[in-house]
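Me: I have a model open and would like to talk it through with you. Shall we take it step by step?

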Amino acid sequence: MSEFFAMGGYGAYIWPCYGLTLIGMVALAGWSFAKQRRLTREAERLKALGKESRQ
Amino acid sequence: MHYLANPARFVSLADRLLPWLAAATALAFLVGLPYALLFSPPDYQQGETVRIMYIHVPSAYLATMGYLGLGIASAVWLIWRHPLADLAAVALAPVGALFTGLTLVTGAVWGKPTWGTWWVWDARLTSMLVLFFLYLGYMALREAIEDPDKAGKAAAILSLVGLINLPIIKFSVDWWNTLHQPASLLRRDGPAMDPSMLTPLLIMLGAFSLYFVTVILWRIKAAVAAKRVDGLRRARAHAAQRARTAA
Amino acid sequence: MGARVFAATLGQDVRLALAQAGGTLMPLMFFLVVLALFPLGLGSDSALLTRVAPAVAWVAALLAALLALDRLFGADFEDGTLDQLVTAGAPVALVALAKTLAHWLVTALPLVVASPIAGILFQLDGDAIARLALSLALGTPALSAIGTLGAALTVMVRRGGVLVPILVLPLLVPVLIFGVGAAAGGAQAMQAFYFVGALSMGALVVGPVATAAALRLAVA
């Protein structure tokens, strides 16, 4: 196991690369997903409000 | 009506595709990561550091594809005024910039054990650096112009010129590199890659591409919804104004 | 109409620049001051200076040329001249080309003429001085054309001054590379000269067309 993490002595280079890429990609995906959901809900809420006030 | 119909149809299509895309992305990484980190053999020259390739090369690929997509979307927006194209361009820029940044960082970290220094003015890294500046310029221009419609069009003009320039930049950097490069540098890619390394690379390329499409679709959805929210808010304010003047 | 608008724009810009001496002289002074700073920073080792001279002169010329872009369209935009030209159906691409040419005549040409001074300061021999001046003469039209585009894209931005170099410099990387390559001499210099000329010609076609689109957008 520790051999796997040591990566033949290059763990200090390989793991930060994978870690940083993971953080960047997860953060971007999370941000994009949350933004999309928040705005879609907001649009639906406003549409419902508009219908209500027209009745 | 045409204006609304297209994005609405797009969103319903995206909604149908997205669960599958997200699942496929997760699955591809679930297969690709163990392959890249564990099951693939170390390189006979570079040892374990070759594993950085499995994220560096897909990042570089998406960084380039992202700018290509940005340029094509800009052209579609400028020529045919297709409303989705501008939203696609907005969605693409930060994603492309992220992958360009990741390419630079993973390239630098990879350079330390292979070349003994963090940064080498190698042709590919240098081209990526210029590409990074192109993305930054696009986003800066878009940010600086207040009117969103004009910002989109001005940025589209810039990205089109950038797209024309991209192969010239690549060519000039390669030319410059052969002029200055010390011959002793270890090349990172052999002419023919062993299948034991090509397979995980292709799986990771697929995984990154699936991720890219998924995130882009989310971002386009967000941009469509933002436009709708904006329109609905304005309509409400307008209605309230009319009610007040009528009373 | 096209020729008349072209001549009028060109004449007006050149006259204006000559009337306020700052227009031509300031970029030139900037160029010379930057050049003089490098030996002060690098030391007076003549072998080193000779080696870096093409790159230093080219980068200094690039920055000096960009310095003058700040107000290229600003006044025309604010006083409505631009509006008039576009609504009158004037060929905007020709106006853009006239602006590019004016910028080249007023800003870039003095740099080309002054570049032998750079050669002397950096102890270049006669051939190297000629190569530097010729490479600048061939390459600066591309700087003017792409720079004009940058100025047109940022005309709507209130503080566009810093933005222009960010937009324009990455696009000018090939011009810098081949320009320095041509000025540096060596086996590849001839090839680099061809490329610099080709880039300038390409930029003079693409630049004004894109600039026209940006100007139409600004006044729309």
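Predicted model: local features only at pLDDT ≥ 70, side-chain atom pairs only at ≥ 80, totals over all residues.

Me: How far apart are the end C-alpha atoms over residues 60-80 of chain B?

Reply: Side-chain values use heavy atoms without hydrogens or water, residues are numbered from 1 along each chain as written, and chains are lettered from A and ligands numbered from 1 in the order written. Residues 60-80 of chain B are 100% helix and 0% strand, helices being DSSP runs of H or I with at least four residues and strands runs of E with at least two. The end C-alpha atoms are apart by 30 Å.

Me: Which three residues supply 24% of the area that chain C buries against chain B?

Reply: Chain C and chain B bury about 2,300 Å², 85% of it on carbon and sulfur atoms. Buried area is the accessible area (1.4 Å probe) that two parts lose on being put together, summed over both. On chain C, more comes from this trio than from any other three residues: Leu153(C), Leu171(C) and Leu217(C).

Me: Which element gives the most to the side of chain C that touches chain B?

Reply: The contact (heavy atoms within 4.5 Å) takes 28 residues from chain C and 26 residues from chain B. Elements giving two or more residues on chain C's side are α7 (126-153), α8 (163-171), α9 (173-184) and α10 (189-219). With 10 residues, the top contributor is α10(C).

Me: How many salt bridges are there between chain C and chain B?

Reply: A salt bridge needs a side-chain nitrogen of Lys or Arg within 4 Å of a carboxyl oxygen of Asp or Glu. Between chain C and chain B, the count is zero.
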